[in-house]
Amino acid sequence: MSKKNRVVGILGLGLFGSALAKSLSHNGIDIIACDRDEKIVNALENDLAIASIGDFTDLDFMRESGFGNCDVIVIATGSDLESCVLGVINARELGIETIICKAKNQSAAKVLDALKVNRVVLPEIESGEHIADVLSRNSLEDMIKLDSETAIVEFRVPQKWLGHTVDELDLRRHYDINIIGLRKQIKETLNTKFDPDYHFGPDDLVVAVVNRDRFEQIDYLEKL
């Protein structure tokens, strides 16, 4: 399933959750979300496929609200660590494989890391818009915007690249992609000394400088 077809669940619609919901909705992603504040939920109703008022620490509520249909769940409220932990447990109970959590501080982040969630967002400054960039793309693992036109992106090697070399694909000419490094895992040290005749493998992660508009266009259309 491509990221464009994913359903994303958002638990908590504070500043972070609301920004995330609006950005994902703008990029055509279906959102299931909840918050205990009726006014907040109603204000975002047009951006949400399913909007529920309630407590995500209640497993029955989450099940009845459709969160079991999500491919990704973001626990977007980090003020109450106990609630975050219960949210993680409930999401796992519903069979959700990808869980992202916001943490209010380093101590909370350590607890959430120990639960082996897929990503911990810290601090508050890491905006919902950035996570939306990642979830909205088909291949993207991370993006750092350098300016209005340029970004550094990290993405999994596309199927069509497998077995081909960097030199054969001529990525700079065809896609305006300038590869600066490769690695096998997200936290692994970047290999910046790869040869032009390196053959791409199925586990490769590519880090590159790209034109944002050009990369987004070919990624959305799955033409990489």
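In this predicted model, strand β5, helix α5 (residues 106-114) and strand β6 form a right-handed β-α-β unit. β5 and β6 (residues 119-121) run parallel and are joined by three bridges. Within that pairing, C101 sits opposite V120 of β6.

β4, helix α4 (residues 81-93) and β5 make a β-α-β unit that is right-handed. Strand β4 (residues 72-75) runs parallel to β5, with four bridges between them. Here V74 faces I100 of β5. Strand β5 itself covers residues 98-102 and is mostly covered, with four of its five residues buried. In a regular strand, side chains alternate between the two faces of the sheet.

Now turn to helix α1. It spans residues 15-26, twelve in number. From first C-alpha to last, α1 reaches 17 Å, close to the 16 Å expected at 1.5 Å a residue. Its buried residues are F16, G17, S18, A19, L20, A21, S23 and L24. An α-helix has 3.6 residues a turn, so residues three or four places apart point the same way. After α1 comes G28, whose phi is positive, near 85 degrees.

The structure holds four aromatic pairs. One of them joins F155 and W161 edge-to-face, with 5.7 Å from centre to centre and 80 degrees between the planes. That angle counts as edge-to-face because the cut-off is over 60 degrees. F155 and W161 are both buried. Ring pairs also tie F155 and W161 into a cluster with Y175, Y198 and F200.

Methods:
Residues are numbered from 1 along each chain as its sequence is written. This is a predicted model: local features need pLDDT of at least 70, side-chain atom pairs count only at pLDDT 80 or more; totals for chains, interfaces and linings use all residues. Side-chain values use heavy atoms; hydrogens and water are left out. Rings of Phe, Tyr and Trp (its six-membered ring) pair if their centres lie within 6.5 Å; planes under 30 degrees apart count as stacked, over 60 as edge-to-face and the rest as tilted. Buried means under 20% relative accessible area, exposed over 50%, partly exposed in between (1.4 Å probe, protein chains only). Helices (H or I, at least four residues) and strands (E, at least two) are DSSP runs, numbered from the N terminus. The expected span of a helix is 1.5 Å times one less than its number of residues. Two strands pair if DSSP finds at least two bridges between them. A crossover is right-handed if, with the strands pointing away from the viewer, the path from the first strand over the helix to the second runs clockwise.
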